[in-house]
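Visitor: I've never read a protein model before. Can you walk me through one, step by step?

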Amino acid sequence: MSDQEFTRTLGYANAAFDLLKRSGIPPYPQFYELLYTYATGVNPSLNNRINAIFRSGMVPSSDLAETLYNEFLKSDVNDRMSSVSERMHARIEAVHEAIDSAMTTANAYSGSLQSASGDLERELDAESMKALALRLLSETRRMQDTNRQLETKLEASRDDIAALQRDLDDVRRESMLDPLTKIANRKSFDEGLADAIAVAADGGTPLCLMLLDIDHFKNFNDTYGHQTGDQVLRLVAMTLKSNIKGKDLAARYGGEEFVAVLPSTDLDGAVIIAENIRKAIQAKELLKRSTNEKLGRITASFGVAVFAPNDNAMSLIERADRCLYAAKRAGRNRVVSETELVEIDDASERKTSAA
């Protein structure tokens with residue numbers, strides 16, 4: 001974690017604890033998560049609700065915090081996963097029961113055949129032979145009926161299990177997406193970056209990481225409201241995703257920050273991609289949907305780092321983050337790569353030495 005990111009995260013944490021203390025809400029993990037999320041501003045709907053509560057003068061309480069947590073943060077993914085698991089368990093139990101019933105019938109049929117074999121070794125009159133044949137025919141039909149029932153249940157179970165598998169796949173995909181922008185979330189990014197680093201390290205192929213941050217987003221959000229802010233976030237996410245391809249991964253990193261993992265891409269190629277995205281974002285004019293009011297244009301700053309043999313995920317992210325903040329310090333709406341960062345650092349050192 002870079003110094004800037006550490007300072008920012010610590011600020012969010014302190015703000016969350018301060019809100020807990022001032023509101024008299026117990027510092028339980030779920031309440032801390034609620035107010036930490038509020039402090040980061042990554043969930044505009046939650047912020048709108050809490051701001052409205054503060055403006056109304058309503059006295060916060062544990063019950064109110066619990067209600068907000070359940071509404072905005074408690075994921076239904078686990079509930080849906082549990083539901084699918086229960087359905088899967090019930091279906092497997094039904095299959096086991098059908099198989100047990102078939103095995104019981106098969107064992108009984110086998111016993112009947114053995115008994116008939118013993119009878120056939122003795123001399124039987126016509127009536128006894130007829131009775132034996134009828135008994136074997138009845139047992140055979142019962143066995144056939146049981147087998148047909150088993151086949152029907154297995155067929156139904158196959159269809160049900162296929163549907164359950166699709167449900168599980170849907171839940172997993174949903175758990176890996178940011179609910180607002182519909183691109184990969186932080187969890188998905190962490191897994192994707194780890195996989196990309198493993199491939200690059202094993203194969204010696206290039207890998208770049210691009211971080212971008214929307215310029216002056218907080219001011220834009222405060223001026224035009226969170227709904228318009230959400231529109232901006234979705235616009236940037238769509239622009240980012242539409243300008244990468246193949247095995248590249250676009251994700252929301254947190255708040256107004258986004259990230260792209262660029263496998264098999266060298267630093268020069270990654271800078272070109274970042275420049276294309278920067279220009280595409282700048283070219284889009286925003287309209288307020290409710291009034292068609294023109295809100296102007298937004299810009300973003302970019303930092304691009306390239307994977308080195310001794311890198312891990314944290315070190316690669318830290319260098320990209322340093323590049324991003326260099327772009328911010330240099331005036332925003334620009335791309336700074338590691339190469340430029342070295343040049344900026346060298347120039348700063350020469351300036352310091354000259355002074």
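Guide: Let's start with a pocket. Helix 7 gives the most to the lining of the second largest pocket, with 4 residues. Keep in mind that this is a predicted model.

Visitor: Which residues line the second largest pocket?

Guide: The lining is made of Asp 195, Ala 196, Val 199, Ala 200, Thr 205, Pro 206, Leu 207, Lys 247, Pro 263 and Ser 264. The space in this pocket comes to about 160 Å³.

Visitor: Okay, back to helix 7. How many residues does helix 7 have, and how far does it reach?

Guide: Helix 7 runs over residues 186–203, which is 18 residues. From first C-alpha to last, helix 7 reaches 25 Å, close to the 26 Å expected at 1.5 Å a residue.

Visitor: How do I read the sides of a helix?

Guide: Here's the general idea: an α-helix has 3.6 residues a turn, so residues three or four places apart point the same way. Now try it here: Ser 188, Phe 189, Leu 193, Ala 196, Ile 197 and Ala 200 are buried in helix 7. These residues sit on the same side of helix 7 because they cover an arc of only 160° around the axis.

Visitor: Which residues are exposed on the face turned away from that buried side?

Guide: That face of helix 7 carries Asp 195, Val 199 and Asp 202, which are exposed.

Visitor: And what do the buried residues of helix 7 pack against?

Guide: Their partners are strand 1 (207–214), strand 2 (249–254), strand 3 (257–263) and helix 11 (313–329).

Visitor: Can we zoom out to finish?

Guide: Of course! The chain has 12 helices and 7 strands. Out of its 355 residues, 37% count as buried. And among contacts with a separation of 6 or more, 65% come from residues 24 or more positions apart.

Key:
Residues numbered from 1 in each chain as written. Predicted model: local features only at pLDDT ≥ 70, side-chain atom pairs only at ≥ 80, totals over all residues. Heavy atoms only, no water. Helix = DSSP H or I, 4+ residues; strand = E, 2+ residues; numbered from the N terminus. Expected span 1.5 Å × (residues − 1). Buried < 20%, exposed > 50% of the residue type's maximum accessible area, 1.4 Å probe, protein only. Arc of directions from axis to C-beta. Contact = heavy atoms within 4.5 Å. 1 Å grid on protein atoms, 1.4 Å probe; cavity = no way out; pocket = protein on both sides within 12 Å on 5 of 7 lines; lining within 4 Å. Points joined across faces, edges and corners; volume = space filled by probe spheres on them.
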